[in-house]
Amino acid sequence: MEQNIVPTSASIRPALDSVPLRMIGTVSAGLLLSGCVSLSNPYWDRHQGVPQDLITGAAVFGEEVRAEEVPEEDILAVTPQMQAYVDDTLAGGRYTSARFKRIMQGLLRDGYFNASYQPNRTNTAAETFEQKAGNCLSYTNMFIALARASGLDARYQVVDVPPSWDADDGYLIRYTHVNVLLKGVRFDKAYGEDFTVDFNEVHPDVDDPARVIDDSYASALFYANRSVNLFRQGENRQAFAYLRRAIELVPDNMDFWLNLGAFYAKLEHYDEAIRAYERVLQLDRHNRGAMSGLGRAYQVLGDSERADYYINQVRRYRDSNAYYHFAIAQTEFEQERYVEALNAINTAIDLKKRNGRFYFMKGLTEQKLGDVEAARESFKRASRHGNYRDLKKRYREEVAGITFVSS
């Protein structure tokens with residue numbers, strides 16, 4: 001278990017309900033459609049056991065695909081225009097809290113958060129500043145670059161948000177949520193001097209494990225996102241080169257190996273896919289995404305015994321996972337099958353009772369079924385147990401006119 005950031009930090013959402021963004025740093029799953037560092041890199045050397053032939057791509061392309069085939073990106077480079085923007089925005093800002101407020105006010109004033117979230121667009125800080133568009137990692141890059149240019153101590157932070165399920169396909173999807181940790185900025189007397197800035201409609205709960213990552217790790221996430229986007233566009237060789245860059249920077253990130261396995265499986269190189277998924281299990285022997293990928297690969301290869309083993313492992317985990325039943329409830333609700341939705345959300349709550357999002361979903365369902373008193377009680381529990389604002393936005397029409405009562 002990674003060490004959590006101390007819970008003295010306040011979570012700041014830049015006025016922030018006005019920011020129409022659902023920002024995810026990188027998407028990794030049992031399926032993909034979710035500076036050059038040489039092998040002498042000391043970080044690489046500390047992580048032995050990397051199957052070198054898998055990261056060359058020769059099985060697919062007939063020759064080695066090198067990371068140098070795609071550009072090394074400085075994701076935090078500050079252009080003269082960005083520095084001028086900082087200097088103009090911060091004029092007279094002596095204290096760190098004042099500088100932070102002026103940056104946020106300037107970005108909001110100048111339209112950087114006006115319906116510009118594009119989930120498949122991963123940009124550097126400079127590209128995001130110029131284009132006023134991008135995904136979560138793009139905006140995080142831009143904010144950190146501007147904050148540092150203004151003298152603030154801004155760092156990347158990864159939050160391990162709960163998994164989501166693709167209820168139709170039965171995949172477990174892991175989202176690596178990235179936000180900003182600001183240190184040494186007293187924004188509110190009620191909090192300490194560390195807090196997070198989160199550009200996201202899906203707000204992490206305060207109890208979700210979080211950890212600071214260095215800039216190199218963030219660059220690897222950037223390359224991995226670029227890889228996924230290119231693969232979706234059919235640019236397989238470039239996609240592979242970007243993924244290789246990511247793996248060479250952070251060889252023990254299991255999500256990158258999951259994507260590598262999915263890459264090979266999608267191109268019907270199942271032996272290589274199996275080895276990539278096995279690499280994931282070396283890093284995390286309970287990883288369900290890898291088990292799901294192995295089950296599908298062995299099915300295609302006709303090895304029913306191994307396929308059944310991994311498929312059953314995933315099925316048992318799925319059936320005991322509250323978030324899977326929550327996804328089923330959402331699917332049933334959106335298809336107006338409210339009795340089935342209520343059954344599914346009750347199962348989720350039985351498995352995990354203190355979850356505000358689950359109770360909010362239950363309240364919506366009970367309202368559709370005409371049980372107003374039960375719905376009111378569920379909404380009260382949602383307020384009591386945590387964060388459900390992302391669902392409130394998703395079901396905006398259903399919640400119109402509802403009064404939420406905290407207790």
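Colleague: Is Leu182 buried or exposed?

Modeller: Leu182 is buried: its relative accessible area is 0%, and the cut-off for buried is under 20%. Keep in mind that this is a predicted model.

Colleague: Which strand is Leu182 in?

Modeller: Leu182 sits in strand S5, which covers residues 171-183.

Colleague: And what is Leu182 in contact with, leaving aside neighbours within four places in sequence?

Modeller: Quite a list: Phe100, Phe143, Leu152, Asp153, Ala154, Glu193, Asp194, Phe195 and Val197. As for Gln157, 25 residues away along the chain, its C-alpha is 9.7 Å from the C-alpha of Leu182.

Colleague: Which residues touch the most other members in the largest nonpolar core?

Modeller: That core has 82 residues, and the ones touching the most other members are Phe100, Leu107, Phe143, Tyr156, Leu182, Phe256 and Leu260.

Colleague: Why would nonpolar side chains be buried together?

Modeller: I can only give you the general pattern: in soluble globular proteins, nonpolar side chains tend to end up buried together.

Colleague: OK, zooming out. How many helices and strands does the protein chain have?

Modeller: The chain comes to 18 helices and seven strands. It has 407 residues, and 53% of them are buried. Its accessible surface is about 18,500 Å², with 45% of that belonging to carbon and sulfur atoms.

Colleague: Let's switch to charges. How many salt bridges are there?

Modeller: The count is 17. The general idea is that side chains of opposite charge can pair when their charged atoms come close.

Colleague: Which residues are linked in a network of salt bridges?

Modeller: Glu64, Arg66, Glu68, Arg244 and Glu248 are linked that way. Within that group, Glu248 pairs with Arg244, and their closest N and O atoms are 2.8 Å apart. Glu68 pairs with Arg66, with 3.3 Å from N to O.

Colleague: Where do Glu248 and Arg244 lie?

Modeller: Both are in helix H8, residues 236-249, and they are four residues apart, which is about one turn of the helix.

Colleague: What does Arg306 form a salt bridge with?

Modeller: Arg306 pairs with Asp303, and the closest N and O atoms there are 3.6 Å apart. Arg306 is partly exposed, at 45%, and Asp303 is also partly exposed, at 25%.

Colleague: New topic: H13. How many residues does it have?

Modeller: Helix H13 has 13 residues, 322-334. From its first C-alpha to its last it reaches 19 Å, close to the 18 Å you'd expect at 1.5 Å a residue.

Colleague: Is H13 enclosed or exposed?

Modeller: Largely enclosed by the rest of the structure, because eleven of its 13 residues are buried. Among the buried ones are Tyr323, Tyr324, His325, Phe326 and Phe333.

Colleague: What goes on at the start of H13?

Modeller: A side-chain oxygen of Asn321 comes to within 2.8 Å of the backbone nitrogen of Tyr323.

Colleague: And what comes just after H13?

Modeller: Glu336 does, with a positive phi of about 65°, although Glu336 is not a glycine. Glu336 is in the loop between H13 and helix H14, residues 338-351, and it is exposed, at 60% relative accessible area.

Colleague: What about Lys132, what's its phi?

Modeller: Lys132 has a positive phi of about 55°, and it isn't a glycine. Lys132 is in the loop between helix H5 (125-131) and helix H6 (136-149).

Colleague: How exposed is Lys132?

Modeller: Lys132 is partly exposed, with a relative accessible area of 34%.

Technical notes: Residues are numbered from 1 along each chain as its sequence is written. This is a predicted model: local features need pLDDT of at least 70, side-chain atom pairs count only at pLDDT 80 or more; totals for chains, interfaces and linings use all residues. Side-chain values use heavy atoms; hydrogens and water are left out. A salt bridge is a side-chain nitrogen of Lys or Arg within 4 Å of a carboxyl oxygen of Asp or Glu. Helices (H or I, at least four residues) and strands (E, at least two) are DSSP runs, numbered from the N terminus. Buried means under 20% relative accessible area, exposed over 50%, partly exposed in between (1.4 Å probe, protein chains only). The expected span of a helix is 1.5 Å times one less than its number of residues. A polar contact is a pair of N or O atoms within 3.5 Å; within protein, one must be able to donate a hydrogen and the other to accept it, and residues adjacent in sequence count only if both atoms are side-chain atoms. A nonpolar core is a set of buried Ala, Val, Leu, Ile, Met, Phe, Trp, Tyr and Cys residues joined through side-chain atoms within 4.5 Å. Accessible areas come from the Shrake-Rupley method with a 1.4 Å probe; for residues, only the protein chains shown count as cover. Contact means heavy atoms within 4.5 Å.
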